[in-house]
Structure formats: C-alpha cells, structure tokens
Amino acid sequence: MKSKKRKLYLLELLGVVLALVWLSPFYLMVVNSFKTKREIFTDTVALPDEFTWANYVQAFQELDFIRTFFNSVLITTLGVVVIIIFSSMAAYALNRRKGKISGMVFFLFVAAMLIPFQSVMIPLVSLFGKFEMLNRFGIIFMYLGFGSSLSIFLYHGSLNGISRSLDEAATIDGANRWQIFWHIIFPMLKPITVTVGILNIIWIWNDYLLPSLVINKEGLHTIPLKMFFFFGQYTKQWHLALAGLTLAIIPVIIAYFFAQKQIIKGIAEGSVK
C-alpha cells in the first residue's frame with residue numbers, strides 16, 4: 001500500500017511539474033504584455049513594476065483589431081464548417097461501403113497527414129494563382145484539402161461505433177442515404193464533431209504561413225498576419241506583440257473551455273472504436 005501511495009505521489013508531482021512547464025509560456029506572454037519594452041529586456045520572468053493597459057490599447061489600434069478579428073472569424077468559421085460537412089460525409093461513405101477501393105482511399109487520406117505543407121506550397125499557390133483563387137474562397141478551399149485527412153480519420157473511427165442496423169432500419173422505413181446520414185447518423189457524431197471543430201479552429205485561427213501566401217490585399221489580413229508588423233527589420237516591439245498575442249488567443253481559450261468535455265470524449269471515441 002505504501003509503495004502504491006508513493007507512486008501516486010510521484011505521479012501527482014510529475015503532473016504538477018509538467019503543468020508548470022506547459023503553462024510557463026503563457027505566464028511569460030501574459031506577464032510581459034503588461035510591461036514596457038525596457039522592463040521586458042531587464043527581467044523577462046519577474047512581474048511588472050506597474051501593470052499597464054497601454055500596450056493593449058496600442059496593439060488594439062495598430063492591429064485594426066475589429067476588422068482583423070472579423071477576417072479571422074470569417075475564414076475560421078467557413079473553413080471549419082466546410083471541413084466538418086465534407087469530412088463527415090466522406091468518412092460515412094468510406095465506412096459504410098467496405099471494399100478494396102474504399103480501404104485504399106481511406107489509407108490515402110491517412111497517409112496524406114504525413115505530407116508537410118511546405119513541400120507542396122509553391123506549386124499549390126502557383127496553381128491557385130492561375131485560376132485567380134488567391135483570395136478568401138481559395139484559402140478556405142485549401143484548408144478543406146489540408147484539414148480533411150485528420151478529420152476523416154476521426155470521423156471514420158467514431159462511425160465504427162454506430163451500428164449499421166440503424167441504416168438498414170431507416171432504409172426499410174423509406175429514408176434515402178442523404179436522410180439517413182443527416183437525420184440519424186450525423187446527430188450521433190456530435191462529440192467527434194465538436195472535437196474536429198475545435199482542433200481545426202485552433203489550427204486555422206493561429207495559421208500564419210498559408211494566409212501569408214494567399215491573402216495579400218490590405219483589409220483582408222488575419223490576426224497572425226497583422227502580428228507580423230510588430231517585428232520589423234531593425235526593431236521588434238515585443239510589448240505590443242505579446243499584448244496582441246494575448247488578445248488573439250483569448251477567443252480560442254474560451255471556446256476550448258466551453259467544449260473541453262466534448263473534445264476529450266470525441267478523441268476517445270475516434271481513437272478507440
């Protein structure tokens with residue numbers, strides 16, 4: 001019994017240490033966002049001599065935060081909705097139509113998760129440029145392509161836990177394939193849908209590389225793109241950048257805390273079933 005208690009204490013201690021390590025970047029970001037530029041370079045870890053909101057006010061203005069926030073919300077929302085709709089339908093088709101072709105297609109989707117974006121970004125941007133799709137519509141289409149692999153994998157795993165007898169019973173009652181999926185199957189995929197949504201929200205919201213290649217017009221920039229202007233060639237405005245970063249991650253953190261139970265449940269379903 002004593003050995004078990006010692007193990008539990010060691011595990012708890014390890015958990016506390018890991019939590020502190022994980023939270024340390026957030027601590028540095030938030031604390032330094034209230035400091036002046038001089039204070040940041042004097043002592044990065046210490047609390048500020050006097051908490052000031054001036055950094056947040058200036059960062060809010062220079063980021064043109066309302067417009068930039070709207071751009072990020074629009075692209076993120078449309079991107080996530082499109083990924084959920086098409087990935088769930090694709091996973092359902094692959095899961096319910098078992099065969100060599102469907103198995104091969106599913107394997108290709110899973111294998112595509114290993115392809116880094118950097119290896120295809122130049123030909124991709126060149127191709128979309130030829131079709132004049134370097135805009136909001138184009139970037140949402142790209143997000144669908146890059147986000148589908150993981151989403152289909154999660155949906156496919158969750159669908160293994162839903163009996164095919166539901167499909168057969170609905171077919172006998174006269175429902176077609178479209179009605180079966182949207183009225184019976186999709187509502188049962190709520191936990192994994194929340195998981196897919198949150199994972200893609202975090203990814204798209206924080207993405208810098210793809211928008212920097214696709215969105216070049218002033219007024220269409222997302223928050224990560226605007227953050228780049230705090231880092232000039234000769235000077236870096238860390239006090240403003242950290243305040244802007246804090247503003248940028250607040251919506252994602254709020255969304256995560258509201259949906260954390262569904263996320264954990266969804267990931268467990270998608271990985272085990």
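Predicted model: local features only at pLDDT ≥ 70, side-chain atom pairs only at ≥ 80, totals over all residues.
N200 sits in helix α10. Is N200 buried or exposed? The cut-off for buried is under 20% relative accessible area. N200 has 8% relative accessibility, so N200 counts as buried. Leaving out residues up to four places away in sequence, N200 touches V80, I83, G147 and S151.

## The largest pocket

How much space lies in the largest pocket? The volume is about 360 Å³. The lining has 13 residues, and W22, F26, I253, Y256 and F257 are the closest to the pocket centre.

Which helices each supply at least two residues of this lining? They are α1 (2-33), α10 (190-206) and α13 (238-272). Helix α10 is also the helix that holds N200. By class, the lining of the largest pocket counts 12 nonpolar residues and 1 polar residue, with no charged residues.

## The second largest pocket

The second largest pocket holds about 230 Å³ of space. Its lining is made up of A112, M113, I115, V120, L124, G145, F146, S149 and L150.

Helix α7 (residues 136-159) gives the largest share of this lining, with 4 residues. Charged residues are absent here too: the second largest pocket has 7 nonpolar and 2 polar lining residues, and no charged ones.

## Two cavities

How many cavities of 30 Å³ or more does the structure hold? There are 2. The largest cavity has a volume of about 40 Å³. Its lining residues are S72, I75, T76, Y143, I204, W205, D207, P211 and T222. Helix α4 gives the most, with 3 residues. By class, the lining of the largest cavity has 5 nonpolar, 3 polar and 1 charged residues.

The second largest cavity has about 30 Å³ of space. D64, R67, T68, N71, E218, G219, H221 and K226 form its lining. Helix α4 again gives the largest share, 3 residues. What classes make up this lining? It has 4 polar and 4 charged residues, and no nonpolar ones.

## Nonpolar cores

In soluble globular proteins, nonpolar side chains tend to be buried together. In this model, the largest nonpolar core has 36 residues. Within this core, the residues with the most contacts are I139, Y155, L159, I185, L189, V196 and L210. At least two core residues come from each of α4, α6 (121-130), α7, α9 (177-188), α10 and α11 (209-214). Helix α7 supplies the largest share of this core, 9 residues.

Which residues does L159 touch, not counting residues up to four places away in sequence? The list is A91, Y92, N95, R96, I185 and L189. Another core, of 15 residues, lies apart from the largest one. Y56, I223, M227 and A241 are among its members.

## Two positive phi angles

D64 has a phi near 50°, a positive value in a residue other than glycine. D64 lies in the loop between α3 (54-62) and α4. D64 also lines the second largest cavity. Is D64 buried, partly exposed or exposed? D64 has 32%, so D64 is partly exposed.

E132 also has a positive phi, near 55°, and is likewise a residue other than glycine. Where is E132 found? E132 is in the loop between α6 and α7. Exposed means over 50% relative accessible area. The relative accessible area of E132 is 69%, so E132 is exposed.

How values were computed. Residues numbered from 1 in each chain as written. Heavy atoms only, no water. 1 Å grid on protein atoms, 1.4 Å probe; cavity = no way out; pocket = protein on both sides within 12 Å on 5 of 7 lines; lining within 4 Å. Points joined across faces, edges and corners; volume = space filled by probe spheres on them. Nonpolar A, V, L, I, M, F, W, Y, C, P; charged D, E, K, R; others polar. Buried < 20%, exposed > 50% of the residue type's maximum accessible area, 1.4 Å probe, protein only. Contact = heavy atoms within 4.5 Å. Core = buried A, V, L, I, M, F, W, Y, C linked by side-chain atoms within 4.5 Å.
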